[in-house]
Amino acid sequence: MTDKPGLLVVEGISKSFVGFKALDGVDFTVRPGEIHALLGENGAGKSTLIKVLTGVHQPDAGVIKIDGQPVVMRDTQHAQYLGIGTVYQEVNLLPNMSVADNLFIGRQPMRFGFVNRKRMEQQARDLLAQYDLHLDVSSDLSRYSVAVQQIVAIARAVDMSGRVLVLDEPTASLDRHETEVLFAILRQLRARGFGIVFITHFLDQVYEICDRVTVLRNGKLAGSALIAELPKIELVTLMLGRTLAVATHKPRHDRPIPAERQFSFKGLGRSRSIAPFDLDIGQGEVIGMAGLLGSGRTETAKILFGIDAADAGHIRIDGNPVLIRTPRDAVACGFGLCPEDRKSDGIIGDLSVRENICLALQAQKGWFNRLSSREQTGLADTFVKALDIRTTDIEKPVKFLSGGNQQKVILARWLATNPRFLILDEPTRGIDVGAHAEIIALINRLCDDGMALLVISSEIEEIVAYSTRVIVLRDRAHRGEISGDDITTSNIMQMIAAESEGAPA
Amino acid sequence: MNARLLPLCATLLICLIAYAACVFQFPAMFSTRVAGNLLTDNAFLGIAAVGMTFVILSGGIDLSVGSVIAFTGVLLAVLITHYGVHPLIAFAIALLITTVFGASMGVIIHYLEVPSFIVTLAGMFLARGMCFVMTTDSIPIDHPFYTALQGLFYRLPGGGRLTFIGCLMVLVFLLGIIVAHFSKFGSYIYAVGGNRTSAELMGVPVARTTIGIYAMSGFLSGLAGIVFSLYTSAGYSLAAVGVELDTIAAVVIGGTLLTGGVGYIAGTFIGVIIQGIIQTYIVFDGTLSSWWTKIVVGVLLFSFIALQRILVFLSLKRATATSGG
Amino acid sequence: MIRLNTAALTKAMPQLLSLMLILFLNYLAFPGFFEIRLQDGRLFGSLIDVFNRGAPVIILAIGMTAVIASRGVDLSVGAVMAVAGALAATMTVAGYPLPVVILAALGAGLACGLWNGILVAYFDLQPIVATLILMVAGRGIAQLITEGSIVTFTEPGLIFFGTGSFAGVPMPILIAASLLAVAIAVVRRTALGLLIESIGINRSASSYAGLNSKLLLLVIYGFCGLCASLAGIIIAADIRGADANNAGLWLELDAILAVVVGGTSLFGGRFSILMSALGAVIIQAMNTGILLSGFPPEYNLILKALVIIVILLAQSFSSLGGWAFLKGEFRSKGTKRQ
């Protein structure tokens, strides 16, 4: 396999945090002129490996070599100095400063002891011209799109380190076209002999652009291979360690269509967020919502739940018109929402599992109608048992639970209010395989019990497994609906992919 | 035009309108005498406000400013009047102490990761307490060197006096502008105020910058204390109470965002001058009490914070329009 | 929220121990410290004095606790005290009956608090910024009310709030204790404790869960303003006058300090009103101690500064271990065990 000598070689790296081993003897080699995908489920150790590579964490054991020379990264600056540049997931730049400042901060060209702004801006223009980016470098970075910011971040990292480029989920918030632009840049850098580490969740992108892939699982190396020699199904097997749990589920689209659809949303929309859409959903139905990130999925959920105000449209429940302007209104109508961003919009980290479970019901009951301690404990115990929430104690702060269990706590929070319509935004993102299967089973069970569910997910197989109907979103609009036996992975994919032809080039 | 310049322009406009309105009512206010006095009377406030601007640009706040000014004044009075130290040496000692004092607050803020307002609050108590420990009396300073410095001025046409301390303030502002926009340290300050984590990942020496910012604020507060002592020829431990609020107000009225990362030193200068104009107006009017200053400053504070809020809201709206998940 | 069990007691140990230590030091400095005597139907003594003088800060700390628990801070309470005091004094001098005077002063405080609350909750201003406005303008308003002079009054009804006593207990203590009892009862009997902690820890998630976080914030700041005006009335009644410049000067800082000493984090979340009151008593015990031991009262400031620094050091050391653990774990998105 050693066709070329490694540019960056990691041998036997281990890293432990109190009570748990994040990396266990991992080997990893990046060769010059290759794009190397680093894959793994959440918690597999990707982030820890990246942090070791970029000097944020010091490894407990193992060596890192650059060009065959063992090195010790003291901190991020030192890693940069040694030739490893990183672009982090949430673009880590300074939106309040100019593009030129962002490119050159800390190494501005000086004249007579002062920053030479003119020269700095000229250099910034030259640098960005390499990426076919021509913009006013003296403007604040915040004026430009995320895609431009990403390119600026890459330009900076490349200019400063010039050997290895680590990209942590760079395409997460880019649309199709922007991703293409980014890939063109990556190909160009590969041709210049860079070693690029590419972390992503999108397997298609791995096959589109990467040369080699390394998979981590539970802190250990699960395998490393040339992409050309690795069929997709084997890659998935490497990542999951077993065949996909959902694949064994019997699809549910043969479920009877409900006689009436109690929840009717007509012409809801919000300018620059989501085009007006109609949506009807009945109890005992699961609507799957598929679409790429940024296609308007979360925006739909936010409008339905009253987080964002709709510009127009009206809502009827059981035939009666209702107004939903805040989440409180939505809750009063019997809605519940498990948000996409669990950490910032879902859990109340420092509060206990019990308090988190009781929160929505308590908010509904009002300030002065307190659930007694006994009621709270009873409620929490019931749901901890029913949803198999794994915690040592219901008084444990919820932030100490794993992602899957946090998700179950938020689910329990809503189930405690006995909702009629539950919206789940990416309920299985970032949780391990076991909890994943349990949440899918729960969705099916709730549906059987007569709840109306709207589930947003990036995982098409998963949507196929539980949906009675599927709505496909594209370019901030609802584009189509599939039901019955037409719900197949390929049909959904085709509807999503229709975009690539219709999208502006 | 850059939307970030809008608060600055608004400040400038308000300053000009206010001054024009004052001149319209009291034509005597249109004179070099008044202009010179504006600089002299607000010299200590302006110098302290430069330090405060840097602190606020970095996303922090320094509540110790007023106490440090009083501390410096008392220290100088004690050293010069009681111990016969030459003022220049006393100045050096005072600046050294206040700089170290500011730097120590910076160290605590950075390494203990605590909000700056609580640390500088402790600093405020400490500095004020040290004043009282030295003396509770008002000590006059009568030294030939002081008299010489106080007598230093450039006579403007029209009878106005450009005094030493007034010029010193303008000089400090000019240096502040150069540091903010043409030095690495300045860019680090904006970086830390913009996003500390990003700044750290981009290689900005956050620890050094934070400590440097508070050290500079301490130094400038010390300098403001020296100017205040030249201005009043005395040291009194109850002096300069609430000056930290005046400086914060000047910075905010000058268009600097209290959340950090956005603002201009030049704006602070205008903010100081606006406060000076209000006070001058009250003096000219003769019937209004000085507490109107506080109310007007409060109203201005609110207006500017509201203006910034609207601008942030608009830019957020634009941001969600272009991106979004 | 408080639960009087051993766990809560253990948690309060550092505060209780320091209070005991300070009281003991006070006793060493002044052997008559613990003597309490009944004179003219009112209790006297240094210990009573600690509570009596500490009452305004206790009252402020009660309101401030709710604000800080919601991840805010109210810098304007000192200025609001001055406004309430000025209004009470001026209206008394103008001859209004006592109930009207009290209601007007409390109403002014409530209005100030609601103003802060509107800025924080509905305009989304940072609490420091929002309350700074009133901190600056409040004293101006107070002076506007008193027309720049110190207004003194002799109305016995109003003075009673500062120096009167009921069943031997001085009024300020009685008022502070009643407010404390009411506040604790409200927190325990209603869901407010949980909801305040919830918005303090994660406001966005709380809104998603259907909490009316804006209204709750408004109520919290309104309550804090109300507490401030109550403290302002007591102080004005105590000195029989309103001094717009100096009434409540720096007391916002004492109140914040009391809450921090009581163990509520400045980053919001878990809070205990009783512990904040204990914090206020600790601060006042120090003040009294300094006075009794013959040091000039100005030493208080240095002592307070040292207390802040010690607490910050202690908190960061106790949390550093935990922090290092958490950071390592969460940054690596650890799913350590199921």
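The lining of the largest cavity divides into nine nonpolar residues, six polar and one charged. Here Ala, Val, Leu, Ile, Met, Phe, Trp, Tyr, Cys and Pro count as nonpolar, Asp, Glu, Lys and Arg as charged, and the others, Gly among them, as polar. This is a predicted model, in which local features need pLDDT of at least 70 and side-chain atom pairs count only at pLDDT 80 or more, while totals for chains, interfaces and linings use all residues. Residues are numbered from 1 along each chain as its sequence is written, chains are lettered from A and ligands numbered from 1 in the order in which they are written, and side-chain values use heavy atoms, leaving out hydrogens and water.

**Cavities**
- Rolling a probe the size of a water molecule over the atoms shows where empty space is left.
- On a 1 Å grid over the protein atoms alone, a cavity is a set of points where a 1.4 Å probe fits but cannot get out; a pocket is an open set with protein on both sides within 12 Å along at least five of seven lines; lining residues have an atom within 4 Å of a point.
- Grid points are joined across faces, edges and corners, and a volume is the space filled by probe spheres set on the points.
- The whole structure holds four cavities of 30 Å³ or more, and the largest has about 190 Å³ of space.
- Of the 16 residues lining the largest cavity, Gln80(A), Thr86(A), Tyr88(A), Leu201(B) and Met202(B) lie nearest its centre.
- In chain A, α2 (76–82), β6 (84–87) and α5 (146–160) each give two or more residues to this lining; helices (H or I, at least four residues) and strands (E, at least two) are DSSP runs, numbered from the N terminus.

**Second largest pocket**
- This pocket has about 1200 Å³ of space.
- Its lining has 45 residues, with Val241(B), Gly242(B), Asp246(B), Gln279(B) and Lys294(B) nearest the centre.
- Helix α13 (residues 265–285) of chain B gives the largest share of that lining, seven residues.
- By type, the lining has 26 nonpolar, 13 polar and six charged residues.

**Buried and exposed residues**
- Ile213(B), in helix α11 (residues 206–232) of chain B, counts as buried because its relative accessibility is 1%.
- Phe112(A) sits in the loop between β7 (110–111) and β8 (114–115) of chain A and counts as exposed because its relative accessibility is 74%.
- Buried means under 20% relative accessible area, exposed over 50%, and partly exposed in between (1.4 Å probe, protein chains only).
- Ile213(B) and Ser58(B) are 155 residues apart in sequence, with their C-alpha atoms 7.9 Å apart in space.
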